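Visitor: Could you walk me through reading the features of a protein model, one at a time?
Guide: Gladly; here is the one we will look at.

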Amino acid sequence: MNNYLRIGSLALVLILLMTLAGCGAVSSKNETPKVPSGEASSPAPTPSEAPVSSEEPTPADETIHVSTAGEFLEAIAPGAVIELAPGVYNLTEYLHESSGNISGYVTRSFTDGWQADVHDVSGLAIRGEKDGNVEIVAEPRYSDVLCFQDCSDIEIENIIFGHTIEQGNCQGAVLEFDNCGSIRLDGLDLYGCGTYGVAADNTVGLTLKDCIIRDCSYGIIDLSSCSDAVLEGCSIKNNSGFDMLSLSNSSVLFRGCDFSGDEGDSFLPSYFSSENKSSARFEDCSFGAWESQRLKEELKSSESYVFDEDCRFEGYSWSDIMEHSDDPEDPENDFERVALDTTHLKVASFDTKVLTESANKKSSPK
């Protein structure tokens, strides 16, 4: 009997313990976690509640930033946008240390020193930092500072170009373009001793805007078989040597340019022949004393150069420059009217010639 009672008591105790354990488990599952005082509890966001950014990813900066001559030449390639940090970039020193061509687009040629030749490149932009002082120089007297061959759609802006040696000793131009198209030069300072600020051969669409051409040893520009050449807002000063404008079968428009301090054998091209069909037009340009005096003399024997009425000449009026008669007192000869009528005819002829040359150049393969 006692054994039965003990067994019954133990069974009752086990049942009570199991009941209490079950209640504790249920209580712990339903218990809300405690939150420290001062902090609010919030449920974790579901995937649909996660914040979504409305901004698109920013594309990477494709501009190539360079600070040495080597980095600059090695970065030249079709479609490249190159920005030069302030400083002097001596191309000759880098080319002298190189063992061969720089790349598939930049080769070396030798005169009295190494010259960088850029070829077969399109869509290239070369820019100096806007607030910086960027200068690209070359040492050899017979080399161009930089030469472009068979290139198109080239932009160069906010850079100084020149030779390192004294004025009067050079045989190479500052910038040269051969068989090129759509060249835009903006805010450049091109200085001598380079023979010309720009030399170009068989090039269509050469534009210089707000540039300086100074201290060159042969003249201002040298164009051969070029069309659609435009110089706008340029300061052209202190160049000397031979013909300031060396043109061979080329047409050029000067708009809003200032010529001063130049001096040479002539201002306009001195070489005339039936095979050299060159022309130039000047709009809203100003000319210094030497330039004005030479134009007064040279225009008497040239019919291919147009000076609009808004041009200004030091020491002369527009009609003084444009008159071509030896007898200003002849009552039958109204010089200003004749000069004006002649100018209007020249303008129309010039524009027609430029359009025709441009169409022919663009339609013929390089």
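What follows is a tour of sheets, turns, rings and the core.

Visitor: Before we start, what kind of model is this, and which residues count?
Guide: This is a predicted model, in which local features need pLDDT of at least 70 and side-chain atom pairs count only at pLDDT 80 or more, while totals for chains, interfaces and linings use all residues. Residues are numbered from 1 along each chain as its sequence is written, and side-chain values use heavy atoms, with hydrogens and water left out.

Visitor: How should I read a sheet, and what is the order of the nine strands in the open sheet?
Guide: In general, strands of a sheet pair through backbone hydrogen bonds, either parallel or antiparallel. Strands (E, at least two residues) and helices (H or I, at least four) are DSSP runs numbered from the N terminus, and two strands pair if DSSP finds at least two bridges between them. Here the open sheet of nine strands runs S3-S7-S10-S13-S16-S19-S23-S26-S28, with parallel pairing. Its edge strands are S3 (87–90) and S28 (312–313), each pairing on one side only. Further in, S23 (residues 258–260) and S26 (residues 286–287) pair in the parallel sense over two bridges, and the bridge partner of Phe-259 in S26 is Phe-287.

Visitor: Which strands make up the open sheet of seven strands, and in what order?
Guide: The order is S4-S5-S8-S11-S14-S17-S21, with mixed pairing. S4 and S21 (245–248) stand at the edges with a single partner strand each, so one side of each is left without a neighbour in the sheet. The twist averages 15 degrees from one strand to the next; angles run from 0 to 180 degrees between N-to-C directions, with axes as lines fitted to C-alpha atoms, for helices over the stretch in contact.

Visitor: How do S4 and S5 pair, parallel or antiparallel?
Guide: S4 (residues 106–110) and S5 (residues 114–119) pair in the antiparallel sense over five bridges. A hairpin joins S4 to S5 through three residues, and Val-106 stands opposite Val-118 in S5. For a parallel case, take S14 (residues 198–201) and S17 (residues 221–224), joined by four bridges, where Ala-199 stands opposite Asp-222 in S17.

Visitor: Which ring does Arg-108 lie over?
Guide: Arg-108 lies over the face of Trp-114, at 3.7 Å from the ring centre. A charge sits over a ring if NZ of Lys or CZ of Arg is within 6 Å of the ring centre and within 35 degrees of the ring normal.

Visitor: What should I look for in backbone angles?
Guide: Most residues other than glycine have a negative phi, and most peptide bonds are trans. Asp-120 has a positive phi of about 55 degrees although it is not a glycine, and its place is in the loop between S5 and S6 (122–128). Asn-179 also has a positive phi, near 55 degrees, and lies in the loop between S11 (175–178) and S12 (181–186). Relative accessibility is 47% for Asp-120, which counts as partly exposed, and Asn-179 is partly exposed at 28%. The cut-offs are under 20% relative accessible area for buried, over 50% for exposed and partly exposed in between (1.4 Å probe, protein chains only).

Visitor: How many aromatic pairs does a search of the whole structure find?
Guide: The search finds 15. Rings of Phe, Tyr and Trp (its six-membered ring) pair if their centres lie within 6.5 Å; planes under 30 degrees apart count as stacked, over 60 as edge-to-face and the rest as tilted. One of the pairs is Phe-254 with Phe-259, edge-to-face at 5.5 Å centre to centre and 65 degrees between the planes. Phe-259 and Phe-282 form an edge-to-face pair too, at 6.1 Å and 65 degrees.

Visitor: Why does the pair of Phe-259 and Phe-282 tie together parts that are apart in sequence?
Guide: Phe-259 lies in S23 and Phe-282 in S25 (residues 279–283), so the pair ties together parts 23 residues apart in sequence. Ring pairs link Phe-254, Phe-259, Phe-267, Phe-282, Phe-287, Phe-307 and Phe-313 into a cluster.

Visitor: How many residues does the largest nonpolar core have?
Guide: The largest core has 77 residues, and among those with the most contacts inside it are Phe-148, Phe-254 and Phe-282. A nonpolar core is a set of buried Ala, Val, Leu, Ile, Met, Phe, Trp, Tyr and Cys residues joined through side-chain atoms within 4.5 Å. Helix H2 (residues 69–75) gives the most to this core, with four residues.
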